[in-house]
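Welcome, and thanks for taking a look at this one. Below is a short briefing to read alongside the structure.

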Amino acid sequence: GTTSIGSAAGGAVAIAANAASSFTTNTGALTLTSAAAATWGTNAGLLTLQGAGGTTVTSTAGVTSSDVTISTGNASGGASGNILIDTGTASTTTGVINIGTANASAVNIATNAVAHTIAIGNGAAVQGITVGSTNSTSSLLLQAGTGNLQIQTQGGTLGIGNNAVAQTITVGNNTGATTLTLDAGTGGINLNQNTTLAAGKNITF
């Protein structure tokens, strides 16, 4: 049967206990619904959300839907907490973390006016990292301010435009006192096609 606590026409309902308590259904779903903003928290310890079939955190669907915010609390006398997003361990293949792979039209990372240190794939294990797309007119802008921009390997091949696609590659510019230096060790510098020098310019070997 159904057990009712309180009345829709009455006042508030409070359930209190002096020890650990549980609210469990032996069969069927458990639904908790509030008519206004609600808070679910602990006075001490962790708050754990765990679903045997998975866990979904979402806002209500409608003509427009509301934001979902994941944040730590403000720290008044020390460092704020961290946010960790990870998968559990596995005996075969570990799970995948997907961000913006279904409906998102834009994905923003550290776009506010705060100095950040952003690390992607810099762990000690072998990493495979892909940035950008070759689909249609996709573009990629990699830039820096007055600091340095370094692209380097630890002994592998650094290839720029070395795929089998005809393209125009520009290195450097002719603005102001811009300089361009090509250095090589004992391997030398190889120019494998005709090289054109602009009229009135010099090249020194």
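This is a predicted model, so please read every value here as computed from it. To start with the surface, the protein exposes about 20500 Å², and carbon and sulfur atoms supply 50% of that area.

**Overall dimensions**
- The radius of gyration of the protein is 29 Å, whereas a compact globule of 205 residues would have a value near 17 Å.

**Burial and contacts**
- Of the 205 residues of the protein, 0% count as buried; a residue would need under 20% relative accessible area to be called that.
- Among contacts with a separation of 6 or more, 0% come from residues 24 or more positions apart.

**Backbone angles to look at**
- A110 is a residue other than glycine, yet its phi is positive, near 55°.
- The relative accessibility of A110 is 36%, so this residue counts as partly exposed.
- S136 is not a glycine either, and its phi is also positive, at about 50°.
- With a relative accessible area of 65%, S136 is exposed, because the cut-off for that class is over 50%.

**Picture to keep in mind**

Technical notes: Residues are numbered from 1 along each chain as its sequence is written. This is a predicted model: local features need pLDDT of at least 70, side-chain atom pairs count only at pLDDT 80 or more; totals for chains, interfaces and linings use all residues. Side-chain values use heavy atoms; hydrogens and water are left out. The radius of gyration is taken over C-alpha atoms; the globule rule is 2.2 Å times the number of residues to the power 0.38. Buried means under 20% relative accessible area, exposed over 50%, partly exposed in between (1.4 Å probe, protein chains only). Contact means heavy atoms within 4.5 Å. Accessible areas come from the Shrake-Rupley method with a 1.4 Å probe; for residues, only the protein chains shown count as cover.
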